[in-house]
Amino acid sequence: MSGDPLAAFIGKWTHPGSSPEPMPDGWRSKVEAALGVRLPDALAASLSRYGRPAPTIALLHSITENDLYLSDVADFLVPEDMISSTQSGREMGLAPEFAAFANDCMGNLFCVRSDDAAIWRFDHDPGDTRQETDSFDAWIEAFNAVPFVDPDE
């Protein structure tokens, strides 16, 4: 796929009439300082450039209808929620080297860890963490590859 994966994600999975919410100035340093985790450059650069996309129900619906083994992304977190969700996750067993940046429809956290480009998913029920992809771009491209199924049909 050519181009920027997050731009393609925004075009495919967000409402055409809404723009992603911009990330505030200094968000990355605030999150990193509060959590003691260095965010991967690709994640930070994409969110700084495009803002926080707000996926519609079409993503979850398409994953389900295509019977895919893929956890949806329901929400990209604001910096304050990155901090509070990570802290809450740590109380439930999330290792301290992880920082949350998004969640799925069940409230599980998508995380990163310092000096590691991989995306991880913390499942709050059993309290375990597993690697989803090797990078933020690969994680976003997995959603971009999901065939669209209109939830209104």
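I began with Ser-19, which sits in the loop between α1 (5-13) and α2. I noted that helices (H or I, at least four residues) and strands (E, at least two) are DSSP runs, numbered from the N terminus.

The model is predicted: local features need pLDDT of at least 70, side-chain atom pairs count only at pLDDT 80 or more, and totals for chains, interfaces and linings use all residues. Residues are numbered from 1 along each chain as its sequence is written, and side-chain values use heavy atoms, with hydrogens and water left out.

**Ser-19**

Is Ser-19 buried or exposed? I found it exposed, because its relative accessibility is 67%. (Buried means under 20% relative accessible area, exposed over 50%, partly exposed in between, with a 1.4 Å probe and protein chains only.) I also looked up Ala-54, 35 residues from Ser-19 along the chain. Their C-alpha atoms are separated by 8.4 Å.

**Helices α1 and α6**

Next I took α1 and helix α6 (residues 136-144), which pack at an angle of about 25 degrees with axes 9 Å apart. (Axes are lines fitted to C-alpha atoms, for helices over the stretch in contact, and angles run from 0 to 180 degrees between N-to-C directions.) The two helices are therefore roughly parallel. (Angles under 35 degrees count as roughly parallel, over 145 as roughly antiparallel, 65 to 115 as roughly perpendicular and the rest as oblique.)

I listed the residues that meet. From α1 they are Pro-5, Leu-6, Ala-8, Phe-9, Lys-12 and Trp-13. From α6 they are Phe-136, Asp-137, Ile-140, Glu-141, Phe-143 and Asn-144. (Contact means heavy atoms within 4.5 Å.)

**Helices α2 and α5**

I then turned to α2 (residues 27-35) and α5 (residues 79-91). Their axes lie 9 Å apart, at an angle of about 20 degrees. That makes α2 roughly parallel to α5. On the α2 side, I noted Trp-27, Lys-30, Val-31, Ala-34 and Leu-35 in the contact. On the α5 side, I noted Pro-79, Glu-80, Met-82, Ile-83, Thr-86, Gln-87 and Arg-90.

**The sheet**

In what order do the five strands of the open sheet run? I read β1-β2-β3-β4-β5, with antiparallel pairing. (Two strands pair if DSSP finds at least two bridges between them.) The edge strands, β1 (75-76) and β5 (128-133), each pair on one side only.

How many bridges join β3 to β4? I counted four between β3 (residues 109-113) and β4 (residues 116-123), which run antiparallel. I looked up one partner: Cys-111 is bridged to Trp-120 in β4.
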